[in-house]
Amino acid sequence: MAEHQLILPKMGESVSEATIIKWLKQPGDRIEEDEPILEIATDKVDSDVPSPVAGILKEQLFAVDAVVQVGQVLAVIATDGLDSASPEPRHPSASTNVDSGPDDQTHHQPAHQMREPEATAIPYVPAEGQDGHSTESKPLATSGSGSRFYSPLVKNIAAQEGISMDELDSIAGSGNENRVTKQDILDYLKIRGGGAAAASETTPAVAAGPARQAPAVQSPVAQTTSAAPATSAAVPSASGSDEIIEMDRMRRLIADHMVASVQTSPHVCSFVEADVTNLVNWRNKIKSTYEKREGEKITFTPVFIEAVSKALKDFPMVNVSVDGYNIIKKKNINIGMATALPSGNLIVPVIRNADQLSLVGLSKSVNDLAARARANKLRPDDTQGGTFTVTNVGAFGNITGTPIINQPQVAILAVGTIVKKPAVLETEHGDVIAIRHKMVLSLSYDHRVVDGSLGGRFVKRVADYLEAWDLDREI
């Protein structure tokens, strides 16, 4: 009987490792081709690993909660006489990491996620590089023993935190062959940062002396540093009748990402009310024909994304990110749509090059990503590379909201529910009162790089595109 070695497949350009969260099959279990064998979690999404062959699970090479590198062997499957595997060594320590090149580096991030079609409130889903920090870091030194393997993820975290190769070599590793895992370096950073904080707290008198003698005019950095008060989070209390619910993994990631975003970006919000009567009437007119022709429904979400894509082309300085004192102007327009999951968590799948898609293409992309999000079938690449996010708070009947920016982006648009309102219309015969379909658009933006003028004009341009909708548009 032949054996097949199940390896951890490549899951995206910036994903180099995953954590095993559950084995769906046990040794001795029969496995069909394409049947899921285990569930894994990355910083992007949770997903299943299916079997490429039919057979019997012979051996599990990693336990639950183990961190596995892309390309390592996860399990051995005894096939029914079909030698579908190459003769590779079984032990995970001897397996090859096929994604150790620089193109597969993952940025250090407390990634976060979410899900649903017509979308949601405050998102998150880290995507690549979303660690909520804009610190200047020293490049990772190339010196060191050179005999120890480091994954692209560990290298990238080290580079962002200014850890030299010699310092990295000193970190004890808990992985195979004493490799440093992501958790190892994060634990090290806690100790490293805690030591610095403790040192500063033990010398208050020394810090206070020079401060009284400082010149009247300080640099902005000095003013910020000296003005920052030491704060500590209040500890909540729970009575005997209260229920304590531990956050699941995804909710912890969301929580970290939201806090990091608020601490990183000074949030400002602008609001515009849009008359979308023509849009509502147009959709009512074409939705039955469209569903019969395409086999799926058309919602308002692709229309909102189209309007946002056009506005981003008009105002490209909203389609940016911030790196220290540098502004990175994005060439591509990749729109994330905050989507609610059945669990109540959120994820933000991304529609790439949204400005190049037709309305039919946008509709199909929206429906596909929403369906795969609800079925936990998103790939890590599906949540990466977003440059702007749209969240539909109107799906829950909310008039508007003030969403938190999805780092490292600089703006997020919330679309509220569409309601009928009396409105004054100007006609050639004078003003009249008519019933119109209205909705509120809310833009949260990073005031470091997006001023009120730019943010206000951008959200108004989105509203203009929606209000000017052509009732006779064909799709």
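**View 1. Pro 9 sits in the loop between strands β1 (3-7) and β2 (17-23)**. Helices (H or I, at least four residues) and strands (E, at least two) are DSSP runs that are numbered from the N terminus. This is a predicted model, in which local features need pLDDT of at least 70 and side-chain atom pairs count only at pLDDT 80 or more, whereas totals for chains, interfaces and linings use all residues. Residues are numbered from 1 along each chain as its sequence is written, and side-chain values use heavy atoms, with hydrogens and water left out. With a relative accessible area of 34%, Pro 9 is partly exposed (buried means under 20% relative accessible area, exposed over 50% and partly exposed in between, with a 1.4 Å probe and protein chains only). Apart from its neighbours within four places in sequence, Pro 9 is in contact with Val 49 and Val 70, where contact means heavy atoms within 4.5 Å. Pro 9 and Val 49 are 40 residues apart along the chain, and their C-alpha atoms are separated by 8.2 Å.

**View 2. Asp 34 and Asn 376 each have a positive phi**. Asp 34, which is not a glycine, has phi near 70° and lies in the loop between β3 (30-31) and β4 (36-41). Its relative accessible area of 54% makes Asp 34 exposed. For Asn 376, also not a glycine, phi is about 60°; this residue belongs to the loop between α9 and β16 and, at 25% relative accessibility, counts as partly exposed.

**View 3. A cis peptide bond joins Gln 407 and Pro 408**. The omega angle of this bond is about 5°, and Pro 408 is found in the loop between β16 and β17.

**View 4. Helix α7 (residues 277-294) packs against helix α9 (residues 359-374) at an angle of about 70°**. The two axes are 13 Å apart, each axis being a line fitted to C-alpha atoms, for helices over the stretch in contact, with angles running from 0 to 180 degrees between N-to-C directions. The angle makes α7 roughly perpendicular to α9 (under 35 degrees counts as roughly parallel, over 145 as roughly antiparallel, 65 to 115 as roughly perpendicular and the rest as oblique). On the α7 side the contact is made by Trp 282, Tyr 290, Arg 293 and Glu 294, and on the α9 side by Leu 359, Val 360, Ser 363 and Lys 364.

**View 5. The axes of helices α8 and α10 come within 9 Å and cross at roughly 130°**. The two helices are therefore oblique to each other. Among the residues of α8 that meet α10 are Val 303, Phe 304 and Ala 307, while the partners in α10 include Phe 458, Val 462 and Leu 466. In α8, 11 of the 14 residues are buried, so this helix is largely enclosed by the rest of the structure.

**View 6. In helix α10, the buried residues include Leu 454, Gly 455, Phe 458 and Val 459**. These buried residues of α10 pack against several elements, among them β9 (267-275), α7, α8 (301-314) and β19 (430-446). Helix α10 (residues 452-467) has 16 residues and reaches 22 Å from its first C-alpha to its last, close to the 22 Å expected at 1.5 Å a residue, where the expected span is 1.5 Å times one less than the number of residues.
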